[in-house]
Amino acid sequence: MRKRALIITVGIVSAAFGLTGCGVFQGEQSLKEMDNPPEEASLTDNLDETTEEDGQQAEGDSQETEETGTDTEEAEPTTVERQLYLLDANGMVVPQTLELPQMESKEVAKQALEYLVKDGPVTELLPDGFEAVLPAGTTINSLNLKDGTLTVDVSEEFAEYQAEDEQKILQSMTYTLTQFENVDKVKLQINGEAKEEMPVSGTPIGQGVSRANGINIYNGDNVDLLDSKAVTLYYPAQQGEQVYHVPVTQHVETKDAEDMASIVQALVEGPSLDLDLLNVFNAGTSLTAEPTIKDGVLTLDFNEKILDSVENASISDQVMETLVLTLTDQPGVEAVDVNVADVEEIYNEAGTAYTEPVTKSMFVPTGNL
């Protein structure tokens, strides 16, 4: 991996230029699907479904256990993986996957927000160099989902933040909540009062905020805005031993709205020197044919320079993750099929063959959250 030097800190600014192409994650989850037990589970946590006969049987079992002195082991608390958007050491809003207590489906979105609050329950789970985003003391009063819009009602402590943090707070909330496939955008209330703008710097939010508004917006490169579109690119970064991906919304010069080759080229060229991010592509990596999309699968044909090892026909895990996270964010792309010239089958670093197109679910927690 080739690390770029940090020259300046990225300023997060409002995405007023009408960003497009920042689609919802393929691996996102519906709030209705989120906490279903695995297929092998046979017990229910729904007390309403427990019959009187079941209760009598359970009571009898309990009495029998006490009488016989049989030891029973208390079940381990159940946890699930959640993706929370936190701040890294460079002040970038980045996804981190953490193990949170499993909740009923109606509570999972509220829980996710509560774990974004500084000095809240996330404190003991934070990786080194990361911090929560929402002001300390913020209470999540309620959430209401209607027609894809999730209205979040918070306490007045929410407004106690510095002006320079406004975009980070907005992006963290939006990206954390829109990981659920039935949430398209987010609106805000403070103690029941609907807000048309953010309380400190006045960022407009009346129509709701979505991923189309961007994240970690970067305007440093000289790009013709008329011949480009805003795209969220995922670049690797490293904090200590941990390597993670940072979403950066920037303009990429394109031929048309479905120009996937330009997006791939932007990834291969790597992040701007202004950003403390990594370029994980080998020099000389290039496409050998125009990308094609069929039935949601984007097919990419590369030269052998993309390989981490020509002998093993392997591609770096970071290269594959960078491609998949970025490209499955584009409308109509659900999976990515990577081919290499004159190579029959390619493998990951562990030696496992990529026998199917790769979806975001390989890198982002999915299933029944």
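Modeller: What follows is a short talk about strands, helices and rings. This is a predicted model, in which local features need pLDDT of at least 70 and side-chain atom pairs count only at pLDDT 80 or more, while totals for chains, interfaces and linings use all residues. Residues are numbered from 1 along each chain as its sequence is written, and side-chain values use heavy atoms, with hydrogens and water left out.

Biologist: OK, what is the order of the strands in the open sheet of 3 strands?

Modeller: The order is S12-S13-S14, with mixed pairing; helices (H or I, at least four residues) and strands (E, at least two) are DSSP runs numbered from the N terminus, and two strands pair if DSSP finds at least two bridges between them. Strand S12 (292-294) and strand S14 (335-340) are the edge strands, each pairing on one side only, and the twist averages 25 degrees from one strand to the next.

Biologist: And how many bridges join S12 to S13?

Modeller: There are 3 bridges, and S12 and S13 run antiparallel, with threonine 292 having threonine 299 in S13 as its bridge partner. The two strands form a hairpin with 2 residues between them, and aspartate 295 in the turn has a positive phi of about 55 degrees.

Biologist: Do S13 and S14 run parallel or antiparallel?

Modeller: Strand S13 (residues 297-302) and S14 run parallel and are joined by 6 bridges. Threonine 299 has aspartate 337 in S14 as its bridge partner, and phenylalanine 302 has valine 340.

Biologist: Switching to helices, at what angle do H4 and H5 cross?

Modeller: The axes of helix H4 (residues 260-269) and helix H5 (residues 317-327) cross at roughly 140 degrees and come within 11 Å, where axes are lines fitted to C-alpha atoms, for helices over the stretch in contact, and angles run from 0 to 180 degrees between N-to-C directions. H4 and H5 are therefore oblique to each other, since angles under 35 degrees count as roughly parallel, over 145 as roughly antiparallel, 65 to 115 as roughly perpendicular and the rest as oblique.

Biologist: Which residues meet there?

Modeller: Met260, Ile263, Val264 and Leu267 in H4 meet Thr322, Leu323, Thr326 and Leu327 in H5, contact meaning heavy atoms within 4.5 Å.

Biologist: Last topic, how many aromatic pairs are there?

Modeller: The count comes to 3 aromatic pairs, where rings of Phe, Tyr and Trp (its six-membered ring) pair if their centres lie within 6.5 Å, and planes under 30 degrees apart count as stacked, over 60 as edge-to-face and the rest as tilted. One of them, phenylalanine 130 with tyrosine 244, is edge-to-face, at 5.1 Å centre to centre and 70 degrees between the planes.
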